[in-house]
Amino acid sequence: MNTKRPTKPKWAESDRARHKAIRTEFEHCPTQEELEASGDYEGPIKSGAYFSVKVLVHELKQAREAAGLTLAAVSKLAGMDQATLSRLENGRQPNPTVDTLWRYARAVGKQLVLTHANAVTTKPGNGKVPVPGRK
(Lines give C-alpha, C1' and ligand atoms only; values in the text may rest on other atoms or scores of the structure.)
Protein backbone atom coordinates (compact mmCIF):
# COMPACT_ATOMS: atom_id res chain seq x y z
CA MET A 1 0.00 0.00 0.00
CA ASN A 2 1.33 3.39 -0.98
CA THR A 3 1.31 5.72 2.03
CA LYS A 4 3.09 8.67 0.42
CA ARG A 5 1.22 11.91 0.59
CA PRO A 6 0.92 13.91 -2.59
CA THR A 7 3.43 16.72 -2.73
CA LYS A 8 2.20 20.26 -2.44
CA PRO A 9 2.47 22.16 -5.74
CA LYS A 10 5.37 24.57 -5.88
CA TRP A 11 3.94 27.80 -7.20
CA ALA A 12 6.18 30.43 -8.74
CA GLU A 13 5.84 33.98 -7.45
CA SER A 14 4.08 34.94 -10.71
CA ASP A 15 1.52 32.17 -10.13
CA ARG A 16 0.88 33.37 -6.58
CA ALA A 17 0.39 36.93 -7.81
CA ARG A 18 -1.99 35.80 -10.54
CA HIS A 19 -4.05 33.70 -8.10
CA LYS A 20 -4.18 36.59 -5.61
CA ALA A 21 -5.40 38.92 -8.36
CA ILE A 22 -8.15 36.47 -9.32
CA ARG A 23 -9.28 36.11 -5.70
CA THR A 24 -9.28 39.88 -5.27
CA GLU A 25 -11.28 40.33 -8.48
CA PHE A 26 -13.98 37.94 -7.29
CA GLU A 27 -14.20 39.07 -3.67
CA HIS A 28 -17.23 41.06 -4.70
CA CYS A 29 -19.76 38.84 -6.46
CA PRO A 30 -21.40 41.14 -9.04
CA THR A 31 -25.14 41.07 -9.63
CA GLN A 32 -26.56 40.37 -13.06
CA GLU A 33 -27.33 44.06 -13.47
CA GLU A 34 -23.71 44.97 -12.68
CA LEU A 35 -22.44 42.39 -15.16
CA GLU A 36 -24.75 43.69 -17.88
CA ALA A 37 -23.69 47.29 -17.18
CA SER A 38 -19.99 46.33 -17.39
CA GLY A 39 -20.46 44.68 -20.80
CA ASP A 40 -18.92 41.40 -19.54
CA TYR A 41 -22.23 39.53 -19.54
CA GLU A 42 -23.11 37.75 -22.77
CA GLY A 43 -26.43 36.29 -21.70
CA PRO A 44 -27.51 32.88 -20.45
CA ILE A 45 -26.05 29.65 -21.77
CA LYS A 46 -28.20 28.22 -24.52
CA SER A 47 -29.34 24.83 -23.35
CA GLY A 48 -31.50 23.68 -26.25
CA ALA A 49 -28.90 21.25 -27.57
CA TYR A 50 -28.22 19.91 -24.07
CA PHE A 51 -31.90 19.13 -23.49
CA SER A 52 -32.26 17.60 -26.96
CA VAL A 53 -29.47 15.14 -26.13
CA LYS A 54 -31.06 14.42 -22.72
CA VAL A 55 -34.39 13.61 -24.42
CA LEU A 56 -32.64 11.41 -27.00
CA VAL A 57 -30.75 9.44 -24.34
CA HIS A 58 -33.94 9.04 -22.28
CA GLU A 59 -35.77 7.64 -25.32
CA LEU A 60 -32.89 5.27 -26.08
CA LYS A 61 -32.91 4.06 -22.47
CA GLN A 62 -36.65 3.39 -22.76
CA ALA A 63 -36.01 1.45 -25.98
CA ARG A 64 -33.32 -0.59 -24.21
CA GLU A 65 -35.62 -1.40 -21.31
CA ALA A 66 -38.53 -2.24 -23.65
CA ALA A 67 -36.28 -4.64 -25.53
CA GLY A 68 -35.33 -6.28 -22.23
CA LEU A 69 -31.65 -5.52 -22.70
CA THR A 70 -29.32 -5.05 -19.75
CA LEU A 71 -26.48 -2.55 -19.72
CA ALA A 72 -24.08 -5.50 -19.91
CA ALA A 73 -25.75 -6.74 -23.10
CA VAL A 74 -25.77 -3.28 -24.68
CA SER A 75 -22.16 -2.83 -23.64
CA LYS A 76 -21.16 -5.89 -25.67
CA LEU A 77 -23.33 -4.92 -28.65
CA ALA A 78 -22.06 -1.34 -28.73
CA GLY A 79 -18.46 -2.22 -27.93
CA MET A 80 -18.47 0.29 -25.09
CA ASP A 81 -17.70 0.14 -21.41
CA GLN A 82 -20.72 -0.59 -19.21
CA ALA A 83 -19.79 2.26 -16.84
CA THR A 84 -19.76 4.68 -19.78
CA LEU A 85 -23.27 3.61 -20.76
CA SER A 86 -24.45 3.97 -17.17
CA ARG A 87 -23.05 7.51 -16.96
CA LEU A 88 -24.71 8.32 -20.27
CA GLU A 89 -28.12 7.07 -19.13
CA ASN A 90 -27.89 8.77 -15.74
CA GLY A 91 -26.97 12.18 -17.15
CA ARG A 92 -23.44 12.14 -15.82
CA GLN A 93 -22.04 12.43 -19.33
CA PRO A 94 -23.34 15.87 -20.38
CA ASN A 95 -21.67 16.01 -23.79
CA PRO A 96 -21.52 12.58 -25.45
CA THR A 97 -19.98 12.27 -28.89
CA VAL A 98 -22.12 11.52 -31.93
CA ASP A 99 -20.25 8.22 -32.26
CA THR A 100 -21.26 7.24 -28.71
CA LEU A 101 -24.91 8.05 -29.38
CA TRP A 102 -24.77 6.28 -32.75
CA ARG A 103 -23.36 3.07 -31.26
CA TYR A 104 -25.77 3.11 -28.32
CA ALA A 105 -28.79 3.63 -30.61
CA ARG A 106 -27.73 0.80 -32.90
CA ALA A 107 -27.20 -1.55 -29.95
CA VAL A 108 -30.79 -0.98 -28.74
CA GLY A 109 -32.24 -1.51 -32.22
CA LYS A 110 -32.62 2.13 -33.22
CA GLN A 111 -31.04 4.28 -35.88
CA LEU A 112 -29.69 7.73 -35.10
CA VAL A 113 -30.66 10.13 -37.88
CA LEU A 114 -28.93 13.49 -38.18
CA THR A 115 -30.33 16.24 -40.31
CA HIS A 116 -30.12 19.99 -40.74
CA ALA A 117 -32.35 22.90 -41.61
CA ASN A 118 -31.94 26.55 -42.45
CA ALA A 119 -31.38 28.70 -39.40
CA VAL A 120 -34.13 31.11 -38.44
CA THR A 121 -32.65 34.56 -37.87
CA THR A 122 -34.37 37.83 -37.30
CA LYS A 123 -31.35 39.98 -38.08
CA PRO A 124 -28.83 39.76 -40.88
CA GLY A 125 -25.30 39.00 -39.76
CA ASN A 126 -23.26 36.22 -38.29
CA GLY A 127 -25.89 34.99 -35.81
CA LYS A 128 -24.12 36.39 -32.77
CA VAL A 129 -26.09 38.52 -30.36
CA PRO A 130 -24.46 41.94 -29.93
CA VAL A 131 -23.33 42.84 -26.43
CA PRO A 132 -24.63 46.26 -25.29
CA GLY A 133 -21.84 48.81 -25.00
CA ARG A 134 -19.42 46.98 -27.31
CA LYS A 135 -18.63 47.88 -30.88
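Predicted model: local features only at pLDDT ≥ 70, side-chain atom pairs only at ≥ 80, totals over all residues.
Residues are numbered from 1 along each chain as its sequence is written, and side-chain values rest on heavy atoms, with hydrogens and water left out.

The protein chain contains 6 helices and 0 strands, and its pattern along the sequence reads α-α-α-α-α-α; helices (H or I, at least four residues) and strands (E, at least two) are DSSP runs numbered from the N terminus. Of the 135 residues in the protein chain, 16% are buried, where buried means under 20% relative accessible area, exposed means over 50%, and partly exposed lies in between, as computed with a 1.4 Å probe on protein chains only. Among contacts (heavy atoms within 4.5 Å) between residues at least 6 apart in sequence, 55% join residues at least 24 apart.

Two packed helices are described by the angle between their axes and the distance between the axes. Helix α4, residues 71-78, and helix α6, residues 98-107, have axes that come within 9 Å and cross at roughly 115°, the axes being lines fitted to C-alpha atoms over the stretch in contact and the angles running from 0 to 180 degrees between N-to-C directions. The crossing of α4 and α6 is right-handed, a term applied if the near helix is turned clockwise from the far one by less than a right angle, and left-handed if anticlockwise. On the α4 side the contact is made by Val74, Leu77 and Ala78, and on the α6 side by Arg103, Tyr104 and Ala107. By class, this contact has 5 nonpolar, no polar and 1 charged residues, with Ala, Val, Leu, Ile, Met, Phe, Trp, Tyr, Cys and Pro counted as nonpolar, Asp, Glu, Lys and Arg as charged, and the others, Gly among them, as polar. Leu77 of helix α4 is exposed, because its relative accessible area is 57%; the C-alpha atoms of Leu77 and Arg103, 26 residues apart along the chain, are separated by 8.4 Å.

In soluble globular proteins, nonpolar side chains tend to be buried together. The largest nonpolar core has 15 residues, and those with the most contacts inside it are Leu60, Val74, Leu85, Leu88, Leu101, Tyr104 and Val108; such a core is a set of buried Ala, Val, Leu, Ile, Met, Phe, Trp, Tyr and Cys residues joined through side-chain atoms within 4.5 Å. Helices α3 (48-66), α4, α5 (82-89) and α6 each supply at least two residues of this core, and the largest share, 4 residues, comes from α6. With neighbours within four places in sequence set aside, Val108 is in contact with Leu60, Ala63, Arg64, Leu69 and Val74.

Arg64, in helix α3, counts as buried because its relative accessibility is 9%. The side chains of Arg64 and Glu89 are joined by a polar contact of 2.7 Å, that is, a pair of N or O atoms within 3.5 Å of which, within protein, one must be able to donate a hydrogen and the other to accept it, residues adjacent in sequence counting only if both atoms are side-chain atoms. Beyond four places in sequence, the contacts of Arg64 also include Leu71, Val74 and Tyr104.

Thr100, in helix α6, is buried at a relative accessible area of 17%, and touches Met80 and Leu88 when residues up to four places away in sequence are not counted. Leu112, in the segment after α6, is likewise buried, at 10% relative accessibility.
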